[in-house]
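User: Could you take me through this complex, beginning with the contacts between the chains?
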Amino acid sequence: MSVLKAESISKEVTSPEGPLTIVREVELDIAAGESVAIVGPSGAGKSTLLALLAGLDVPTSGQVWLAGQNLTALDEDGRARLRAERVGFVFQAFHLVPALTALENVMLPLELAGRRDAQAHATQTLERVGLRARTGHYPRQLSGGEQQRVALARAFVTRPAVLFADEPTGNLDAATGKRVCDLLFDLNRDLQTTVVLVTHDHALAARCGRALHMDGGRLA
Amino acid sequence: MRALTIALRTLSREWRSGELGVLLLALTIAVAALTAVGFVVSRVSAALDLQASEVLAADLRLESPAPLSPDYLAEARRRGLATATSTGTLSVVFHGDASQLTAIRAVSPSYPLRGVVTVAPVAFGPAAPATGIPARGEVWAEGRLLATIGAAVGDEVSIGAANLRVSRALVTRPDQGSSFTELAPSLLMNVEDLPSTGLIQPGSRARYAALFAGGRGAVDAFKTWIVAHKQRGERVLDITESSPQVKSAIDRAGRFLSLASLVSVLLCSIAVAMAARRYVQRHLDAVALMKTLGATRAFTLAVSLAQLSLIAAIAAGLGSAAGYGAQAWLLHALRDLLAVATLPPPSLMPIALAIITAIALLAGFALPPLLQLSRVPAIRVLRRDVGPPPLVIWLAFWPAAIAIVGLIYWVVRDVALMAGFVVGLAVFLALLALCGALLVRFTGSVRGRVGVAWRYGIANLARRRAESVVQVVAFGLGIMVLLLLALVRHDLLEDWRASLPVDVPNFFFINIPPGDREAFLATLREDGAEVSRALPMIRGRMTAINGRPLDELTFAKEDGEGFANREQNLTWSTELGADNQIVAGHWWRPEDTGQPLVSVSTEYRDSLGLKLGDALSFDVAGEAFTVKVASVREVKWDSFQPNFFLVFPPGLLDATAGTWMTSAHFAPDVRRPIAKLVKRFPSVSVFDIDSILNQVRGVADKAAVAVQSVFAFTLLAGLTVLLAAVQTSREERRFESAILRTLGASRRTVRAGVLAEFVTLGLLAGLLAALGASVAGYLVAKHVLDVRYSFDAWIWLWGLAAGAALVAGGGWFATRSVVNQSPLLALRGG
Ligand SMILES: Nc1ncnc2c1ncn2[C@@H]1O[C@H](COP(=O)(O)OP(=O)(O)OP(=O)(O)O)[C@@H](O)[C@H]1O
Ligand SMILES: [Mg+2]
């Protein structure tokens, strides 16, 4: 059963040299529980595609279905609500809210989705990524690897249908990167979460069930 | 609800980044400045309302400079109203050789009809309501009077020709005077004793009042009757119009102070805008992230609004408390100026103003950038360069303009005044900004000639030019106003005093009976006084100008009607004093003697719109006559010689009953025989100009304290703008300081650079302030005080020193954490 489906999506932007197509007629169908890597050279349009699939941006043409909903038919707030329910994110630059503790960062998506037992849930998930002892710490008091694990916990805490990750290990050394990846795939397996990630890391791409190659805005 | 939870949760952390602190400070100062003034005004006007009915000691009051016909009292009694009389005059009260000019009030038994007289068994003793009025042969004297003449309750004092016993110390009476008399202590006596004092003689200055009280309807009906039957010169007063002047004066003073406090509010709003901008900058990522995690636009807006509203609520509370404290202090400083002993508590109205101010400033200056913030697209989490769409101009400008103009209107409640203030302020600020910009630019161009630290500091000023100009203007404005006030208070008033000749008269004598004139002047001279001219003083009323009755006329100036309708003091003279200069027409020639002519002063001409040849009709002691304007005189009033608006030629009024006035100068070392004089000439009223001048000076000093303390808020607001500006440049500064230190600059060099920057900024602000204060001082000297303005070096010194110290201190405080940070930490972006 497909959880994420793209039908001929394109993204065109205006640049000083005229219109520029950065994602070109991409077709994609990803089943629930699958793990998919998007690889390709820098500037290929990987991050742009990820943003379109996650509903952070809208395609110029074509349509995206996420968890049975047509993203292109929703407005900005509608897409936000859908993300709150069904989507998790991990970024290269961690992106934690600096004013919130590790625990509060993890609680945030639960609270945005209006769930009750946010604190218990978040504590449990933090325990899952091995940071039980750091719940009260602020992001700047944590190391890069720890911050990324908090981000991971935050991404999984809502039990999303799809987890999007843009170069989740890009800022980490090899060993730490591997630990974070292990964790990611453990969660993917245990919670049956679909994972779509963009990476330059071949080892990481190889662990995914499927790798899609992208170049010049097209999927090869 | 969830938004509130998140807002509260992040608040304590947000607090550390500083801009919320600046926001809180700015809003608090704005609120404090407005509420302090609001509280003062509300308390003083509440006190006035409370007093309104007491001021008259009656429901209705008829006043006249001439004795009142007993018919009025008879008619009132016929209508079932209560009546009383009160006769007031100024005279000197003696105890042995000690004397004091006193407001004497002789009253009839049922006085006061409204309000109470309070008395004490000894001077300054515990006050209690009095029963009745002083018995015959007794007086109740104010403690102040007893103290100056060294008398006690039980002693005999002499008033005019009579000796009366002080039986009580007077604490308050309802109808305390409203003009000169207010400065003099008062004394209450029985009207039956008045003839024996000999104070009241034909033509002497006294004020006769008939008091009426009763049911509302009866009083209103009687008022209609009395208005129809009263004579010219008789004035009917009732509660509604009893103190319109005082009330409108308080109103105007209140508005002025409120406008002054609005200048602080304006500066604070700049700080609010700066803080809000920084808040937005710092939250772009967090808001994009929240949106990515599923927050709607409204939700992210709600979070930031909740935070800022919470800050605004705290600021409204803190600011009102600070305003209340400032108000208490201000009223304490002003207490002698206010005739009332205890003020009612302030109304809560100013707190509403506080809340509205905080909300208006937020809505005008912080809401537009927040709306902006909530529009940042979620995609920013993947592409850092994506920001919110640019702020539309109308959104950036109009809410702010509406907030400020709205606040100004709320304070002044007058469209014309509001428009004037807005335009004046805009022009003034634009001028200041222009000067500030020129100064900053000029400073930037000299940086090649100074050392490395200074060069770095000045380079910083030039780079953040807009912020620099705002700060120079903000501080310059605050310092300027304070300098100007000090300048006017000390230098200009001193200059004016010094410009008076040393032998300027220091005593005025009025009410000299014509028969005593020669003897009085001779006695003065014998006692070593230098006596100036003596002039007759005749009372009359103006009835028509060029044949048209006064009621039909409209006047060139607002005060024209007052000039025309009041009782006129007329004189005649052969000689033109050196302090009078003819500016049109000619002075009396021998052939003018006895001709129907008059010479008017320039004030009179301007207010009534007169010209040479105009015909003025007068009624003097029941006799009507008409004269032509033959000349216009420019009078130097501060010669302290007897001077009159209207001077007639000799031979025209000589036969009319009147009194004489003169002034005299006693050298400082001459013993002043005033006591002896007054004993011999009891009906003569004496004014000690020195003590009056000192009282005027005290009033001016206190008013200046009030204005200055309001402008102290302006300086605080300037400091807040500085803090806000430093906040905005914090990341930049941190990064720069790290780079400099990485390049090998010592902590000391970096510090010196920062200090140099703020010292320069302060010097520029001081320069601007001194410049502004000098120009304004010159204008005040020339157009208001009419003295020559002498250049003052000290205001430049003070301006520069105050500017440098304040700004360097504030700037240093605000940047110390940035400079002291280790370069490593700074580059890591912590
Ligand atoms: N809004 C935009 N306006 C103009 N150009 C854009 C815009 N968004 C993306 N691009 C361009 O489109 C191309 C693809 O960008 P994208 O970030 O998707 O690449 P990427 O494959 O993720 O590269 P990398 O591996 O370096 O992250 C780049 O050349 C980028 O500059
Ligand atoms: Mg990318």
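Analyst: The side chains of B:Lys291 and A:Glu76 form a salt bridge, 2.9 Å from N to O (a Lys or Arg side-chain nitrogen within 4 Å of an Asp or Glu carboxyl oxygen). This is a predicted model, in which local features need pLDDT of at least 70 and side-chain atom pairs pLDDT 80 or more, while totals for chains, interfaces and linings use all residues. Residues are numbered from 1 along each chain, chains are lettered from A and ligands numbered from 1 in written order, and side-chain values use heavy atoms, without hydrogens and water.

User: How many salt bridges are there between chain A and chain B?
Analyst: The count is one.

User: And what area do chain A and chain B bury between them?
Analyst: About 2,500 Å², 65% of it on carbon and sulfur atoms; buried area is the accessible area (1.4 Å probe) lost on putting two parts together, summed over both. In chain A, A:Leu56, A:His95 and A:Leu112 lose the most area to chain B, together 23% of what that side buries.

User: Changing topic, where does ligand 1 lie?
Analyst: Ligand 1 sits between chains A and B. Among the 13 residues around it, those coming nearest are A:Ser42, A:Gly43, A:Lys46, A:Ser47 and A:Thr48 (a residue is near if one of its heavy atoms lies within 4 Å).

User: Which side chain has an N or O atom 2.8 Å from an oxygen atom of ligand 1?
Analyst: That of A:Lys46. A:His200 also places a polar side-chain atom 3.0 Å from a ligand 1 oxygen.

Note on methods:
A polar contact is a pair of N or O atoms within 3.5 Å; within protein, one must be able to donate a hydrogen and the other to accept it, and residues adjacent in sequence count only if both atoms are side-chain atoms.
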